[in-house]
Amino acid sequence: MGMTEPLPPQYNPTGLEARLYREWLAAGLFTPRRPGPGDPRPYVVMMPPPNVTAILHMGHGLNNSIQDALVRFERMRGRQALWLPGTDHAGIATQNAVEKLLAREGKTRFDLGREAFEARVWEHVRETGPVILDQLKAIGSSADWSRTYFTLDENLSHAVREAFVRLHEKGLIYRGKYIINWCPRCLTALSNEEAEKEEVTSHLWSFDYPLADGSGVITVATTRPETMLGDTAVAVHPDDPRYRDLVGREVLLPIVERRIPIVADQEIDPKFGTGAVKVTPAHDPLDFDIGRRHGLPAIEVIQADGRMTDDLPNLFAGRDRFEVRKLVVREFERLGLLRKTEPHTHAVGHCYRCDTVVEPRLSEQWFVRMAPLAAPALAAYRSGALRFIPERRGEDYAQWMENIRDWCISRQLWWGHRIPVWYCLDPACGGAHVSRTALEACPACRGPVRQDEDVLDTWFSSWLVPMSSLGWPERTEDLRAFYPGDTLVTAPEILFFWVARMVMAGLEFMGELPFTTVYLHGTVRDTQHRKMSKSLGNGIDPLDVVERFGADALRYTIIAGMAVGTDLILDPADLEASFAPGRNFANKIWNAGRFLLSNLDGTTRPLAGLHPDVIRRSELTLADRWIIARCEATVLEATLAYERFRLNDAATVVYHFLWSDLADWYIEQIKPRLYGDQPGGDVARAVAQRTFEVALQLLHPVMPFITEALWLRFPGRALGARLITSPWPESDRRAADHAALRDFALVQELVSAIRTIRAEYGIQPGQQVRAWVSARHEAFEIELATIQRLARTGPIGFGQPPREPGGSAVLSDGTTVFVPLGDAIDLGQERARLARETERLNGLVAGQEKKLGNEQFVARAPAEIVAKEREKLTSWRQQARALEAKLAQLGSA
Ligand SMILES: [Zn+2]
Ligand SMILES: [Zn+2]
């Protein structure tokens, strides 16, 4: 479709959207200039990097539509806008995906070996990597693709090593044997955040542990009986009178027949269970601490793969942990030591990548000491330098910071950044060396070295991207120009994984926040408020929506449908219901634009800004002044809404202005001026063009394609000018016109009132009616022709209406409207219809009264049913009364 061809009558986004996108891209409009001295600060948004193997889902659609709207808004406001995209190598997720592919060939990663496996993952990533980025383009994302990064790129890997070395030098990275969260399926350590708590219904078992001297028992409760095989103590609170005499004595641990001490520890809660707890230092973080305080041994009984160790009694050795759970309970029962089995619901950690129950396990890992990093990150929030939208999310952030725990960063995976530590192979030296560059020999003894086998947590590279994607640790021009950024838009799920850690990294390595505003948006849910997910099969494919309804319709639905702090509800079973309003809006804009374009003759006198500098104010009609004032109000409201991240308000305000004010009222009002030789045609054209263009600009961040397509068509475009980079409409206080707003609103009210009466009495659309208005308002006289045309009336009378059958209404200022009906409809028929309908309703009312008079029904039926039936009665009574009033107005024949 060239610029000179007429617009097709139907808006068809397919093809048009892709073409416009290519044009923007080719013109380099997504790539900002580095600002020079005196330029305004750039606007910088870091796109949450999708996993490199990801396929676009509605969550991405939502997240990126919001970011794109903000970026387009600030770009039009004259700031160099950098929206920086990338993909994340996503350690566990990607490794799992490739392992699944291998499994289909009957292989495991161990069959391939590390090098071949890594090569295989790279191959997979090269295939899938571009997919999601292309999909983001299809929804209109105006990201700077020329700067696209991948977290395993050489320069980003360099940044990861640099961060590791610097933190290590400061003593903030250490290696040690601690209890960590372990996924027995992925065979790797996880951070606390990666072990997602899920409510599980299980049991709480109470076991009797006999005292070693045979003088009695002490009862302990547990949800993980299999771990008792590794118990090395029983602990009680020192002040618990029930157990004071037992502290220091021993129990004989059943099954394994091990003598273990009863210790007193301040951390034991006497009110939990029996007040006595079993202590398994090798398989529980709290027990690990107790064990350290009391010098208890840690006996590992569960192996990496979730099976029990081989040195246990035959019944258990090598068996799965959950099988052994049952066997241990059975064994206690057999021994007569099972005291109680109670149902119990509690939160259990699950691997966030494969949903396997996480096993707390004693293991040697690398950790980041987080408290020193958290302090400034918390202070930045408390001082107001870092703010959250919605505000309450800030407290989630603060709480996490206040209760921060050290971060386990090593993963027993093959896909990721290798830990930059080399161990000397000479046992006499035994050095461990942290290095920015690969070591060939031990720096201490020149002996051979081997690099740590493990890789770093994926988030250890993600937390650096606001800097590393701009070239850090080098002092690049990009880093100088675009750090710190402004807004981070993301799902609340990754507040701790990513957002909080980026804040810490930014403050630690750059001394400045990476962004100042964190906008945590809602979640996409179905009509039953369930989160959309693959496993539930309730997802919506955004590309499907783009194909059927257009990217603009998708974006409009997303943005208009979600307020700050709420979720987006869509119906996967009925895409039409969810997305048709967006498509209908696009069609409405298209039709209004086509109409205007076909009526512009290129000789239109210009309006400079909203204020008619060239066309004199005295030339404007009431309707012209009204639409200009409405436009001014819309500029103010929409701009404020965008600034405050209330994108749904911005979309709604512009929707109303375009659909109702412009298309339904103003364009209808000016039609006679456009068609005929009536005076003021060029004024109407100029006002319509200008206000329509402003509306397109205000809507562009939400619906970029249709707005650009139409805007480009309007006369007077400079060569290469595009809506995407046109300056944001300025508010012009001279355009405010309170009187015009008030007066034209009254005209609208009058037209609407007559239309309502026409609809109520079923007057045919083509049928003209007479009308009487009680007050002779100046606006009515000015717009008399408009009122007559839009309400389809003949001459309008003022003052006292004639005494004849008719319909009436009262306007907000007290003016009465009267429409005689005698010559518009068959009064006899209408009376009969109303009488029949009244009779029917009265019948319903009588039946309902009887039903509710039945004491048995009222007594037996659930209260909500009775309440519903009462509501029906009230509603039918009201309807019957309204009909009777109408009938009375029509008088008798
Ligand atoms: Zn897992
Ligand atoms: Zn050495």
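Visitor: Does Cys-183 count as buried or exposed?
Guide: Cys-183 counts as buried because its relative accessibility is 0%. Buried means under 20% relative accessible area, exposed means over 50%, and partly exposed is in between, with a 1.4 Å probe and protein chains only.

Visitor: What sort of model is this?
Guide: This is a predicted model, in which local features need pLDDT of at least 70, side-chain atom pairs count only at pLDDT 80 or more, and totals for chains, interfaces and linings use all residues. Residues are numbered from 1 along each chain as its sequence is written, chains are lettered from A and ligands numbered from 1 in the order in which they are written, and side-chain values use heavy atoms, with hydrogens and water left out.

Visitor: Back to the cysteine. Which residues coordinate the zinc ion (ligand 1)?
Guide: Cys-183, Cys-186, Cys-351 and Cys-354 do, each through SG, at 2.3 to 2.4 Å. A donor here is an N, O or S atom within 2.8 Å of the metal (3.2 Å for Na, K and Ca); water is not among the atoms, so sites may look incomplete.

Visitor: How are those donor residues spaced in sequence?
Guide: The pattern is C-x2-C-x164-C-x2-C. Helices (H or I, at least four residues) and strands (E, at least two) are DSSP runs, numbered from the N terminus.

Visitor: Why is the arrangement around the zinc ion (ligand 1) tetrahedral?
Guide: Because the four donor atoms subtend angles of 101 to 116°. Four donors count as tetrahedral if all angles lie between 85 and 135 degrees. The ideal angle for four tetrahedral donors is 109.5 degrees.

Visitor: What coordinates the zinc ion (ligand 2)?
Guide: The SG atoms of Cys-424, Cys-429, Cys-442 and Cys-445, at 2.2 to 2.4 Å. The site of this zinc ion (ligand 2) is tetrahedral, with angles of 96 to 114°, and its donors are spaced C-x4-C-x12-C-x2-C along the chain. Cys-424 counts as buried at 9% relative accessibility, while Cys-429 is partly exposed at 30%.

Visitor: New topic. How many cavities are there?
Guide: There are three of 30 Å³ or more. On a 1 Å grid over the protein atoms alone, a cavity is a set of points where a 1.4 Å probe fits but cannot get out, and lining residues have an atom within 4 Å of a point. Grid points are joined across faces, edges and corners, and a volume is the space filled by probe spheres set on the points.

Visitor: What volume does the largest cavity have, and what lines the largest cavity?
Guide: The volume is about 50 Å³. The lining is Ile-66, Tyr-519, Ile-558, Ile-559, Met-562, Phe-645, Leu-647 and Asn-648. Helices α16 (551-560) and α19 (647-675) each supply at least two of the lining residues.

Visitor: Where are the cis peptide bonds you can show me?
Guide: One joins Trp-472 and Pro-473, with omega about 10°; Pro-473 is in the loop between α12 (465-468) and α13 (477-482). Another joins Tyr-483 and Pro-484, with omega about 0°, and Pro-484 is in the loop between α13 and β22 (487-490). Most peptide bonds are trans.

Visitor: What is phi of Leu-187?
Guide: Phi of Leu-187 is near 55°, a positive value in a residue other than glycine. Leu-187 is in the loop between β5 and β6 (188-190) and is partly exposed, at 28%. Phi of Ile-255 is also positive, near 70°; Ile-255 lies in the loop between β10 (250-253) and β11 (258-264) and counts as buried at 19%.

Visitor: Last one: how many helices and strands does the protein have?
Guide: The protein has 27 helices and 29 strands. Of its 893 residues, 54% count as buried. Its C-alpha trace spans about 110 × 80 × 55 Å along the principal axes.

Methods. Tetrahedral: all angles 85-135°; square planar, octahedral: opposite > 155°, others 65-115°. 1 Å grid on protein atoms, 1.4 Å probe; cavity = no way out; pocket = protein on both sides within 12 Å on 5 of 7 lines; lining within 4 Å.
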